[in-house]
Amino acid sequence: MAEPAEQTYATHRRFVPLYHLVAAALFVVNLVYAVIQLLGGFTVGRLIHGLTAIALLILYWYARTFATGVQDRVIRLEERLRLQELLDPDLRARIPELTTRQLVALRFASDGELQGLVRRVFDERIDDPETIKRLIANWRPDYCRV
């Protein structure tokens, strides 16, 4: 099996063309077609088609949202355990103050830079995950993210 490409801030987002492009485009085309058909004349069948098209877009959206929500909960647990092992006692006591979004961003920080980065997040009140990720010098890849 081939080794995964090196992961960095620029490459850490997962893009699945069949899902993010093809499926999304097909669902949108289906909705547009259903709306055009409904505007051409009302029938119960066309209404059902339109409602189904809307339901499919909702399903598409929540399939992704629910999956990433569960992953965020797992990452939050993993990172809290990791922080318990790596942080000095003064910072360890503040772990509950970190938000899920901060913890999800901090997962990319190497063990060696984690303590300094957590201290900076607290001292500078950095809430934005993208800002936290940009501060990481030694990227710790996450190849399991869906």
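Visitor: Leaving aside neighbours within four places in sequence, with which residues is valine 146 in contact?

Guide: The model shown here is a predicted one. Valine 146 is found in the segment after α6, which spans residues 129-135. Leaving aside neighbours within four places in sequence, the residues in contact with valine 146 are Arg14, Arg64, Thr68 and Gln71.

Visitor: Is valine 146 buried, partly exposed or exposed?

Guide: A residue counts as buried under 20% relative accessible area and as exposed over 50%, with partly exposed in between. Valine 146 has a relative accessibility of 45%, and therefore counts as partly exposed.

Visitor: What distance separates the C-alpha atoms of valine 146 and isoleucine 132?

Guide: Along the chain, valine 146 and isoleucine 132 are 14 residues apart. The separation of their C-alpha atoms is 21 Å.

Visitor: Is threonine 68 buried or exposed?

Guide: Threonine 68 lies in helix α2. Not counting residues up to four places away in sequence, threonine 68 touches Arg145 and Val146. The relative accessible area of threonine 68 is 16%, so this residue is buried.

Visitor: How far apart in space are valine 74 and histidine 12, C-alpha to C-alpha?

Guide: Valine 74 is also found in helix α2, and with a relative accessible area of 43% it is partly exposed. In sequence, valine 74 and histidine 12 are 62 residues apart. From C-alpha to C-alpha, their distance in space is 18 Å.

Visitor: Are α1 and α2 roughly parallel or antiparallel to each other?

Guide: Helix α1 comprises residues 17-39 and helix α2 residues 44-86. Their axes come within 8 Å and cross at roughly 155°. Angles over 145 degrees count as roughly antiparallel. The two helices, α1 and α2, are therefore roughly antiparallel.

Visitor: Is the crossing of α1 and α2 left-handed or right-handed, and how many nonpolar residues does their contact have?

Guide: The crossing of α1 and α2 is left-handed. In their contact, the residues of α1 include Phe27, Leu31 and Leu38, and those of α2 include Leu47, Ile54 and Tyr60. By class, this contact of α1 with α2 has two charged and five polar residues, and the number of nonpolar residues is 15.

Visitor: Are α2 and α5 roughly parallel or perpendicular to each other?

Guide: The axes of α2 and α5 are 10 Å apart, and the helices pack at an angle of about 95°. Angles of 65 to 115 degrees count as roughly perpendicular. The arrangement of α2 and α5 is therefore roughly perpendicular.

Visitor: Which residues of α5 does α2 meet?

Guide: From α2, the residues involved are Arg82, Leu83 and Leu86. The contact of α2 with α5 divides into four nonpolar, one polar and two charged residues.

Visitor: Which element gives the largest share of the largest nonpolar core?

Guide: This core has 19 residues, of which Leu83, Leu98, Leu106, Val118 and Ile132 touch the most other members. The elements giving two or more residues to it are α4 (100-106) and α5 (111-123). The largest share, five residues, comes from α5.

Visitor: Which residues does valine 118 touch, not counting residues up to four places away in sequence?

Guide: Valine 118 is among the members of the largest nonpolar core that touch the most others. In soluble globular proteins, nonpolar side chains tend to be buried together. Not counting residues up to four places away in sequence, valine 118 touches Leu83, Leu87, Leu91, Leu98 and Leu106.

Visitor: Is leucine 87 buried or exposed?

Guide: Leucine 87 lies in the loop between α2 and α3. Leaving aside neighbours within four places in sequence, leucine 87 is in contact with Arg92, Ile95, Gln115 and Val118. Its relative accessibility is 2%, so leucine 87 counts as buried.

Visitor: What value is phi of arginine 125 near?

Guide: Arginine 125 is found in the loop between α5 and α6, and at 70% relative accessibility it counts as exposed. Most residues other than glycine have a negative phi. Arginine 125, a residue other than glycine, has a positive phi, near 50°.

How values were computed: Residues numbered from 1 in each chain as written. Predicted model: local features only at pLDDT ≥ 70, side-chain atom pairs only at ≥ 80, totals over all residues. Heavy atoms only, no water. Axes fitted to C-alpha atoms, helices over the stretch in contact; angles between N-to-C directions. Helix = DSSP H or I, 4+ residues; strand = E, 2+ residues; numbered from the N terminus. Parallel < 35°, antiparallel > 145°, perpendicular 65-115°, else oblique. Left-handed = near helix turned anticlockwise from the far one by under 90°. Contact = heavy atoms within 4.5 Å. Nonpolar A, V, L, I, M, F, W, Y, C, P; charged D, E, K, R; others polar. Core = buried A, V, L, I, M, F, W, Y, C linked by side-chain atoms within 4.5 Å. Buried < 20%, exposed > 50% of the residue type's maximum accessible area, 1.4 Å probe, protein only.
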